[in-house]
Structures are given as structure tokens and as C-alpha cells.
Amino acid sequence: MKKIIKNGTVVTAADTYQADILIENEKVKSIGDNLSDPEADIIDAKGMYVFPGGIDPHTHMEMPFGGTVTKDDFETGTIAAAYGGTTTIIDFCLTDKGKPLKSAIEKWHKKSNDKAVIDYSFHLMISETNNKVLEELPRVIEDEGITSFKVFMAYKNVFQADDETLFRTLITAKEHGALVMVHAENGDVIEHLTKKALEEGRTEPIYHALTRPAEAEGEATGRAAKLAGLAHSQLYVVHVTCQEAVEQIAEARSKGYQVWGETCPQYLVLDQSYLEKPDFEGAKYVWSPPLRETFHQDVLWHALKSGQLQTIGSDHCSFDFKGQKDLGKDDFTKIPNGGPFVEDRVSVLFSEGVKKGRITLNEFVDLISTRAAKLFGLFPKKGTIAPGSDADIVIFDPNVKRTISAHAHHMNVDYSALEGMKVTGEPVTVLSRGEYVIRSKQFVGKPGWGKYLKRARFNAGLENKKQTSASNKYIY
Ligand code: URP
Ligand code: ZN
Ligand code: ZN
Ligand code: ZN
């Protein structure tokens, strides 16, 4: 069914203007004044912003962790994402050591096929780089269109990889056109500090934060950035939380290294004191890296504004408070790490960012959609509103005021980490490839509508153009 969105204010990363949008065959057909078509369904967007659907580059649906599995699967998680104005997610496919990468990818296809209500793609975790893995990687890029790999520098004895693995992944990514993502925390230091805390009988949730200091994140971020520079490769640091890490990214970028950074809404609006809530409620705020002291929030906002950080991921990783978080009642290291944010990512950034004057409307669109599309090989199919692009579109009421609450959210989890937060703005209607997923704030989509997206090889079009001081003495 053709559609025309009329009377709205179209917002992209580059422009803000009044225009109508004609949608046909899942795509934006044309943009202009007074468009008409007798066969088209008319959507009145008067008083609304019309922007490209959000792209959440960081989710964990139905992911095993710490002896349990995240509550949201690809159905509930993508429904919640759509309610929140997100029309594409990129989820992390976890691999098992010693098994072919393809077997993990098949597992993730099984979880998502027939379930997702919006389009989706996968990043692939790399935990070892033996010859088998290095041989398989180019085929994964080619056959699956998976052009981003994640290496964990933390979670010792679980996900953590060593520097050789990271370095070899960076080199392979450079050769074959992929982007390497890192969870940057020094896992060895954290292992020592957590053991010591437990020996001293410090078992409460706050010790999760106190044993994962900002310096451990800064150190790993700097190390990863230097290895990326050494490999002449490209690096994306996920969930950046603190000044120490931002400084390392800024320094690497000033040298011309191809390094980018993501932060998450939770680090922009919550702080470490939440982990001290009584009655074990602090466990609701346990994820890694942890929440920081309040001043880091301002550092992150400034980094988003100045372009030292480029994207917002939700790191959506939902565990119930009752029955999952309480696995760590007597030992903070057993609290499953993660929080539910896929539904609130766009609204928090709009309300706290645009409405409070920290970022412009166009920067907001860049942060929630366009940059992720460019970095992860989806642009211009996704990430903008332009003729030929997929009609993934959010019609957003910028003035409605509401309070975030678990009673109102659609994530399949028994609490909201943002409970009681007042925000301005809400998606009203959300289209995925031209079809309604959310219509007048009601879900009308269908599981299985969402398509798996094979992504293009890394070619960000965002290159950090600074001249590099490191000359290519030796090409690895
Ligand atoms: O605590 C978190 N962030 N859980 C999800 C896994 C990860 O590190 O991204
Ligand atoms: Zn992580
Ligand atoms: Zn400030
Ligand atoms: Zn994550």
C-alpha cells in the first residue's frame, strides 16, 4: 500500500524542512511539496518530526549469560524497540570456542527468524584467532554480510580474549573490510579486584562498580586504540562510560587513527549511586562497564556534541529483578550483567539531549541512526530519508510529556532502570519498510516481518581524515 506522510517536519542528520514523503514498494519514492496519489494512504504528521528510524547497534536478545538468558527475545525485544522509534537492531552473536563460527550464526538466525518485527543484523564475537577462525572470517563477511566483529577485553574466563586475538582480528578486519568492536575494560585487573573484594566479604551490588574502576576502562580503551593504530585498522569502542576512555579515543583520533566510540543512554542519565539502593535494588543497575560518578555524564555529553563519540547504543540486555538479578543476592559477581534500554534509547536522547539544548535535532538523528548506518554498512538503505532509501520512518511528537515506567513499557522485564524519569517526546507512528509497526502508539506489526540484513563491507564515509603521524613502515 502506498503512503504519503503529509505536513510533517522532515529531519535528517543534515537538514530540517517541511515536505511530504511518498512511500511505495517499501521505499521512499519521492519527497516534495503537496504530493498526491489517489491510491495512497495519507498519514497526517502535522506538528510532528519525521525522521529515519533509529538504528540500535548494540543489543543482546535471548543471550545466555551467567547461567541465565536475557528476557527479551527477538520478538518482544524488537516490539519494544519499535515502540521506542528504532527500526533496525544489530545484535551480538556469541560464538563458542572450538566450534565453527557458522554454527553460532545459525543459532542466531534460529532465534530471530520468524520473530523480529523490524529489520536486524548481527555482529560476531571473536574469542580466538586460530587458523580455522581466520580462514572462516572472510567467508562470514562474504556469505552472511557480517562486517563487524566484537572482541571482549573483559569477563575473564568467560568471553575475554587476549591482545594477540584482538590484534589478529584487527589485521583480518583491515584486509577484508570489517570493523572491530571492543568491550574495553582490563579483565585481569577486574578479576584481581573482584576476588579481593569477595575475600574481604564485600558482596553487595555497589562492589560491582568499585571493582571495575574507570582507569581499567581507560587503560583497555587506550590499548585497543593503539593496537588499531599499529594494525592500520579500524576500531569501534562499545559502551564508553567515562572521561578516561573518552580521552583515549580523542587522543587516538587526533593521531589520525580510525577509532570511533559509542555510549549508551544509561551512562548519560544515571550514576554509580544507584548501585547503593537498599534491599538489593542496586542489582537492577549492574552492568558492565558500570555506572560512574556523576561528572562523567557531562564528559559524555560533550564528547557526543564534539564528535569524539559518534553513536548511541542501548546495550539492551534485560534480566528480571526477581528470578534473575537475585542470582547474585549473596555475591555481586553472580548478578547477571545488563539492563533494559532498547525502548528508551531514542526518547532519552531526544529529551535530555535536544530538549535540554545539549545537541541539535540533526545531531540527534545522526547519533541515533545515521552514523550507525554508515559505520555498519547500511547507509543509505538505512539511516536517512531520501529517495530510494528503505521507508523506515518515525513520526515523533516532540511535545508530549510522559513518565518512563515498567507499567507502561513493552520490554519483557519486570523493572525499568529509568523508573519515574520524566521525558518529553514520543514516537506516535513507526514504519518499517513502509508498513506500520506502531500506529497511533499501538503495535500493529507482525513477527517475521523483520528481515535479516547483510551489510556492506566497512567503508564508513566517516573517515577520521587527520593525517596519521605513524608512517606505514611495515604493513601487517
Ligand atoms: O553488562 C552488560 N553490558 N551486558 C551485556 C554484555 C556486554 O558487555 O555488552
Ligand atoms: Zn560489553
Ligand atoms: Zn557541560
Ligand atoms: Zn553489550
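Visitor: In which sense does helix 7 pass helix 8, left-handed or right-handed?

Guide: Helix 7 passes helix 8 in a right-handed crossing, a term used when the near helix is turned clockwise from the far one by less than a right angle, anticlockwise being left-handed. Helices here are DSSP runs of H or I with at least four residues, and strands are E runs of at least two, numbered from the N terminus. This is a predicted model, in which local features need pLDDT of at least 70 and side-chain atom pairs count only at pLDDT 80 or more, while totals for chains, interfaces and linings use all residues. Residues are numbered from 1 along each chain as its sequence is written, and chains are lettered from A and ligands numbered from 1 in the order in which they are written.

Visitor: Why is helix 7 called roughly parallel to helix 8?

Guide: Helix 7 and helix 8 (residues 243-254) pack at an angle of about 15°, with their axes 7 Å apart. The axes are lines fitted to C-alpha atoms over the stretch in contact, and angles run from 0 to 180 degrees between N-to-C directions. Angles under 35 degrees count as roughly parallel, over 145 as roughly antiparallel, 65 to 115 as roughly perpendicular and the rest as oblique; helix 7 is therefore roughly parallel to helix 8.

Visitor: What makes helix 4 oblique to helix 7?

Guide: The axes of helix 4 (residues 163-176) and helix 7 (residues 214-230) come within 9 Å and cross at roughly 40°. That angle makes helix 4 oblique to helix 7. The crossing of this pair is right-handed.

Visitor: Which residues of helix 4 and helix 7 meet?

Guide: D163, L166, F167 and L170 in helix 4 meet A224, L227 and A228 in helix 7, contact being C-beta atoms, placed from the backbone, within 7 Å. The contact has six nonpolar, no polar and one charged residues. Asp, Glu, Lys and Arg count as charged, Ala, Val, Leu, Ile, Met, Phe, Trp, Tyr, Cys and Pro as nonpolar, and the others, Gly among them, as polar.

Visitor: How does the shell around ligand 1 divide by class?

Guide: Ligand 1 is surrounded by H60, H183, W287, S288, D315, C317, N337 and G338, each with its C-beta atom, placed from the backbone, within 6 Å. This shell has two nonpolar, five polar and one charged residues.

Visitor: What is the omega of the cis peptide bond from S288 to P289?

Guide: Omega is near -10° for that bond, and P289 lies in the loop between helix 9 (265-269) and helix 10 (295-306). A cis peptide bond also joins F379 and P380, with omega about 5°.

Conventions:
Two residues are in contact if their C-beta atoms, placed from the backbone, lie within 7 Å.
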